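Student: I have a structure open and would like to go through it. Can we take it piece by piece?
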Amino acid sequence: MITLAVFILFAVLAVVAALLVVIQKNAMHSVLYLAFTVLATAGVFFALQAEYLGAIQILVYGGGIVVLYIFVIIIVNLKEIVPERRGLVPKLFLVGVPVLLCAEVVTLVMRTGFPSAPSGSEGPGFREMAEMLFASYLLPFEAASILLLAVLIGAIVVARRRHIDDPD
Amino acid sequence: MIPIEAVIGFGLIIFTIGLAGVLVRKNLVIMLMSLELLLNGVNIILAGLGRHLNSPRGSIFALFVIINAVSEAAVGFALVLAYFRHRKSYDTDSLNELKG
């Protein structure tokens, strides 16, 4: 019961903050609301007994990505606000398509009978997860490290100054 | 006990908000933020299903999604910085050089 209350609290907070991320005109305010969304989502993960995921969410998103966003906004100096030159009708259309998609999937979920949960109320533990990650999912894990290395090199090459300034 | 439908609905709402943000906004940085919202919505659904099925697979998949989100953010920022140096703007309207 109390878990459900915690879940609903954090879910409502996350949805409101996510809406504000999209609506805000100032990019810096958007980043702060994004941080709020990320932390509320971490709370939802804790309510779902995915403690490892919640910790990673706070460390990687809250500590890494949000700070990266703030630095980029400071570097590129987003003071002049990009005008949103779009009429009301295209905007409504562009909002309506995702909402329709959401309604469709919600209908499907409602019609699907999910298998009832196995009786164990403990939830999967750390040991089980670690064993599965380093045994069954070892290959994707190593592939992820190669991906991160490629991203490191690629980001440096793309963002290099000389490369941009030289036409050839 | 949290009903699984509520978790999936919540994840879908976050996903929808992110998708609408990517489509509607014209500021490159806010579009990248909306992409993070999309991936967050998927992570919520994965964590909820892992809890529901009492399996650690949900958390493991969500972990890989987070790794991909970090990679996407890093490369996306490099592209935004390169584009900004090139053009001094982040308006997606001027990104039309490849248009036929």
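This is a predicted model: local features need pLDDT of at least 70, side-chain atom pairs count only at pLDDT 80 or more; totals for chains, interfaces and linings use all residues.
Student: What pattern does chain A follow along the sequence?
Tutor: Chain A reads α-α-α-α-α-α-α. That is 7 helices and 0 strands. Helices (H or I, at least four residues) and strands (E, at least two) are DSSP runs, numbered from the N terminus.

Student: ok, how many residues of chain B are in contact with chain A?
Tutor: 60 residues of chain B are in contact with 67 residues of chain A. Contact means that the C-beta atoms of two residues, placed from the backbone, lie within 7 Å.

Student: Which helix of chain B gives the most to that side?
Tutor: α3(B) does, with 22 residues. Helices α1 (4-24), α2 (28-52) and α3 (57-87) of chain B each supply at least two residues there.

Student: And how do the residues on that side of chain B divide?
Tutor: Into 38 nonpolar, 14 polar and 8 charged. Here Ala, Val, Leu, Ile, Met, Phe, Trp, Tyr, Cys and Pro count as nonpolar, Asp, Glu, Lys and Arg as charged, and the others, Gly among them, as polar.

Student: At what angle do α2(A) and α2(B) pack?
Tutor: About 5 degrees, with their axes 11 Å apart. That makes α2(A) roughly parallel to α2(B). Axes are lines fitted to C-alpha atoms, for helices over the stretch in contact, and angles run from 0 to 180 degrees between N-to-C directions. Under 35 degrees counts as roughly parallel, over 145 as roughly antiparallel, 65 to 115 as roughly perpendicular and the rest as oblique.

Student: Which residues meet there?
Tutor: Val31(A), Leu34(A) and Val44(A) are among those from α2(A), and Val29(B), Met33(B) and Leu37(B) are among those from α2(B). The residues of this contact divide into 11 nonpolar, 4 polar and 1 charged.

Student: What about α2(B) and α3(B), what angle there?
Tutor: About 175 degrees, with the axes 8 Å apart, which makes α2(B) roughly antiparallel to α3(B).

Student: New topic. Which residues touch the most other members of the largest nonpolar core?
Tutor: Val44(A), Ile14(B), Val29(B) and Met33(B), out of 67 residues in that core. A nonpolar core is a set of buried Ala, Val, Leu, Ile, Met, Phe, Trp, Tyr and Cys residues joined through C-beta atoms within 7 Å. α2(B) gives the most to this core, with 13 residues.

Student: What is Ile14(B) in contact with?
Tutor: Leaving aside neighbours within four places in sequence, the contacts of Ile14(B) include Ala14(A), Val15(A) and Ala18(A) from chain A, and Leu37(B) and Ile44(B) from chain B.

Student: Is Phe7(A) buried or exposed?
Tutor: Phe7(A) is buried, because 21 other C-beta atoms lie within 10 Å. A residue is buried with 20 or more other C-beta atoms within 10 Å of its own, exposed with 12 or fewer, and partly exposed in between, C-beta atoms being placed from the backbone. Of the 168 residues of chain A, 23% count as buried.

Student: Where does Phe7(A) lie, and what does Phe7(A) touch?
Tutor: Phe7(A) lies in helix α1 of chain A. Neighbours within four places aside, Phe7(A) is in contact with Val44(A), Ala47(A) and Ile2(B).

Note on methods. Residues are numbered from 1 along each chain as its sequence is written. Chains are lettered from A and ligands numbered from 1 in the order in which they are written.
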